[in-house]
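Please keep the sequence and the model in view while reading.

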Amino acid sequence: MDKLVVAAASVVSEADARAARLGTRFGRLDLSSRLALLAVEALGVDFDALPRDRVGICLATRAGSLPTDIDYWNGRDAPGGPSPTLFAYTLPSAAIGEIAIRHRLTGPSLCLVGENTGALAEAVLLIRRGEVEACLCVECNLVTPALARMIQLPPAARACALFLQRSGDGLRALRENDRDVESLCVLLCPPKSAT
Amino acid sequence: MNPLVNELKAKIVALFKLEDVSPDQIDDNAPLFGAGLELDSIDALELVVMLERDYGIVIKDIEEGRPAFQSVRTLAEFIRARGSS
């Protein structure tokens with residue numbers, strides 16, 4: 001069996017997402033997509049060196065699109081109706097699309113919603129089954145203050161990403177944007193079995 | 001200088017959160033969609049919402065708005081023709 005390695009890892013915060021400049025479209029994305037996209041960008045992966053149809057994307061999102069759903073709902077009474085741009089992000093998997101568009105990735109993708117989703121295990125399985133050569137594994141933990149009040153969870157805004165591949169040089173050093181390794185641990189920890 | 005054109009440029013930069021683009025960098029006649037500002041079909045809908053919200057102009061058929069959305073200049077002419085500026 002081929003050896004799988006974590007070729008790169010990153011963690012980004014809301015402050016990073018607000019300060020980042022990733023092209024004209026970046027500011028139009030919802031915060032969840034900006035966090036996920038920036039976490040992937042911070043990996044520093046050279047996608048030109050990879051077959052783009054053989055790179056998977058596995059996204060774990062703690063609250064799905066609920067933060068954006070709330071913003072969209074709150075705009076329902078505005079003249080002209082709620083924002084069409086926001087509507088495009090009222091899907092938990094929207095960030096996958098943004099990552100795929102930016103890096104022109106056409107491999108399989110998976111979106112898992114909730115806590116302890118086991119996203120890393122799913123990414124490993126995608127590779128082990130031979131569906132992909134490498135896989136982006138992204139965990140987005142966005143609980144906006146409005147959502148926090150609704151679901152009784154503390155606010156959070158960060159994302160982390162891992163790049164798994166069959167072989168490589170191993171984990172690179174953490175970079176400027178990698179402020180918090182706690183999120184990485186969420187991704188790396190196996191899901192808790194139901195008791 | 002056309003105040004409405006300048007107003008629209010400022011609105012477009014704010015509405016689409018265009019990074020590293022200032023209103024005065026937008027050419028009056030530059031295409032809004034495709035190249036240039038990279039606006040897309042969802043952004044066209046956002047412009048329709050903006051016209052209703054800020055100018056009271058309701059576009060029920062996107063074909064009606066198509067000529068208006070060619071450039072900032074054509075958009076300003078459309079608003080003037082509707083008597084909303």
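The paragraphs below treat chain B and then the cores and a loop residue of chain A.

This is a predicted model, in which local features need pLDDT of at least 70 and side-chain atom pairs count only at pLDDT 80 or more, while totals for chains, interfaces and linings use all residues. Residues are numbered from 1 along each chain as its sequence is written, and chains are lettered from A and ligands numbered from 1 in the order in which they are written.

Chain B contains four helices and zero strands (DSSP runs numbered from the N terminus, helices being H or I of at least four residues and strands E of at least two). Its C-alpha trace spans about 30 × 30 × 20 Å along the principal axes.

Of its 52 residues, A36(A), A39(A), L136(A), C137(A) and A161(A) touch the most other members. The largest share, eight residues, comes from α2(A). A second, separate core of 23 residues includes I26(B), L32(B), L51(B) and F69(B).

By contrast, A78(A) lies in the loop between α3 (66-74) and α4 (84-87) of chain A. A78(A) is exposed, because 12 other C-beta atoms lie within 10 Å. Its C-alpha atom is separated by 42 Å from that of V45(A), 33 residues apart along the chain.

How values were computed: A residue is buried if 20 or more other C-beta atoms lie within 10 Å of its own, exposed if 12 or fewer, and partly exposed in between; C-beta atoms are placed from the backbone. A nonpolar core is a set of buried Ala, Val, Leu, Ile, Met, Phe, Trp, Tyr and Cys residues joined through C-beta atoms within 7 Å.
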